[in-house]
Amino acid sequence: MAEHLKTARSQQDRAEDDAKVRATVEGLLADIEARGDAAVREMAEKFDGFSRESYRLSEEEIADLIAEVSDREMDDIRFAHDQVVAFAEAQRASITDIEVEPMPGVILGHRTIPVQSVGCYVPAGKFPMVASAHMSIATATVAGVPRIVGCVPPFQGKPNAAVVAAMQMGGAHEIYVLGGVQAVGAMALGTETIAPVDMLVGPGNAFVAEAKRQLFGRVGIDLFAGPTETMVIADDTVDAEMCATDLLGQAEHGYNSPAVMLTVSRKLAEATLAEIDRILEILPTRDTAEVSWRDYGEVILCGDHDEMLRLANEIASEHVQVMTDRDDWYLENMHSYGALFLGPRTNVANGDKVIGTNHTLPTKKAGRYTGGLWVGKFLKTHSYQKITTDEAAALVGAYGSRLCILEGFVGHAEQCNVRVRRYGGVNVPYGEGAPYREAAE
């Protein structure tokens, strides 16, 4: 039986927080839909303390901001961009159109077609998330999306130059300095100055995630990406410093970022708890990480690796860092998570920033039914059919006719029957199923 050495806030408390966010977002989106640009401007001034005549950056403004980025910083940004693009291109190459002829005269196939417009939210209000521009915008570019809109909140009262550089490098066609619900709502619903998009992607805070949830259906979304989650699965092959560092490295994202440790070693668990206390004394982002760890941190002592695996799949954390004597066993048996980080040389920060896999990942147990953002999320698979011979038209039509009648769809049956009559020469009475014997010959 697993033993909780440290527990998090109750699910009831979290549910109450979610309800407040849900009500707030609903009102903001309704206001944007009703008043467009005026509502967006009021929200930008209220929530971000930021106002300008047009929230879209001009080409000249983008160039001026990029000029503020040092050559060394641009090299680092380009390295990360190239890593993400290389992996996305490999993924894109794995997705192919198909066409088959399962029987003579019947051709079936599918084509992969890019979503025609995408709104990419790039967080930057608290921390300028340069990497998020690569993950959404550059990946959409690889997919061939013809219109890519990027929204980034102001950072310390102005557009963050490094983030804008990454957005431009990634291929954004329009860049707006807008954050929060006002950005997501404007992109999805459209305003007088911002044409609506077909799909929203990108991570954000609880309000951004809730806005995407409420807008889903009117537009597509990548996934439900809430506050960052991390899990460390460890045994005695690693030490407390590494476990504590990896837990707090993600806890600094926000005040509500769950960080969970699963281990079979009581010694490691207790040492990690002590090490977390030590690191929090010197961590510059302590104000955030300490609250997050206090309210959402967990340490669970398990009886064996099978119990750790069961709990890990049940929790379905966004990031799962595995540092054990059987990392590949977890790779083979884990089925519900956002992304795996295998071995002590690997860490979540590399995945977040530079290694090449996408960091927009499912949270709140969504890893049970979806993976993270990837080039395929921007592609729609559309099927097509073509019948090229009279014989195939009559044969397939006869089967279709009878099956439609079986279900009671007479109008459907007539779509089939008219083909059986014209291409098969069989006189099917109106509203009846095609006779089996003639059609089969």
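The following legends describe close-up views of a predicted model.

**View 1. Helix α9 and its surroundings.** Helix α9 spans residues 240-251 and contains twelve residues. From its first C-alpha to its last it reaches 16 Å, close to the 16 Å expected at 1.5 Å a residue. At the start of the helix, a side-chain oxygen of D239 comes to within 3.1 Å of the backbone nitrogen of E241. The buried residues of α9 are A240, C243, A244, D246, L247, L248, Q250 and A251. These buried residues pack against β9 (230-234), β10 (259-263), α10 (266-280), α11 (286-296), β12 (319-323) and α14 (348-353).

View 2. Zero disulfides are found in a search of the whole structure. For C302, the closest cysteine sulfur is that of C243, at 13 Å, which is too far for a bond. C302 counts as buried, at 5% relative accessibility. C416 is likewise in no disulfide, and the nearest cysteine sulfur, that of C404, lies 4.5 Å away. C416 is buried, with a relative accessible area of 17%.

**View 3. Aromatic pairs.** The count of aromatic pairs comes to four. Among them, F216 and F224 form an edge-to-face pair, 6.3 Å centre to centre with 85° between the planes. F224 is partly exposed, at a relative accessible area of 31%. The ring centres of W329 and Y330 are 4.9 Å apart and their planes stand at 85°, so this pair is also edge-to-face. W329 is partly exposed, at 26% relative accessible area, whereas Y330 is buried, at 0%.

**View 4. Charged side chains over aromatic rings.** K6 lies over the face of W293, 5.1 Å from the ring centre. The charged end of R402 sits over the ring of Y399, at 4.9 Å from its centre.

Conventions
Residues are numbered from 1 along each chain as its sequence is written. This is a predicted model: local features need pLDDT of at least 70, side-chain atom pairs count only at pLDDT 80 or more; totals for chains, interfaces and linings use all residues. Side-chain values use heavy atoms; hydrogens and water are left out. Helices (H or I, at least four residues) and strands (E, at least two) are DSSP runs, numbered from the N terminus. The expected span of a helix is 1.5 Å times one less than its number of residues. Buried means under 20% relative accessible area, exposed over 50%, partly exposed in between (1.4 Å probe, protein chains only). Contact means heavy atoms within 4.5 Å. A polar contact is a pair of N or O atoms within 3.5 Å; within protein, one must be able to donate a hydrogen and the other to accept it, and residues adjacent in sequence count only if both atoms are side-chain atoms. A disulfide is a pair of cysteine sulfur atoms within 2.5 Å. Rings of Phe, Tyr and Trp (its six-membered ring) pair if their centres lie within 6.5 Å; planes under 30 degrees apart count as stacked, over 60 as edge-to-face and the rest as tilted. A charge sits over a ring if NZ of Lys or CZ of Arg is within 6 Å of the ring centre and within 35 degrees of the ring normal.
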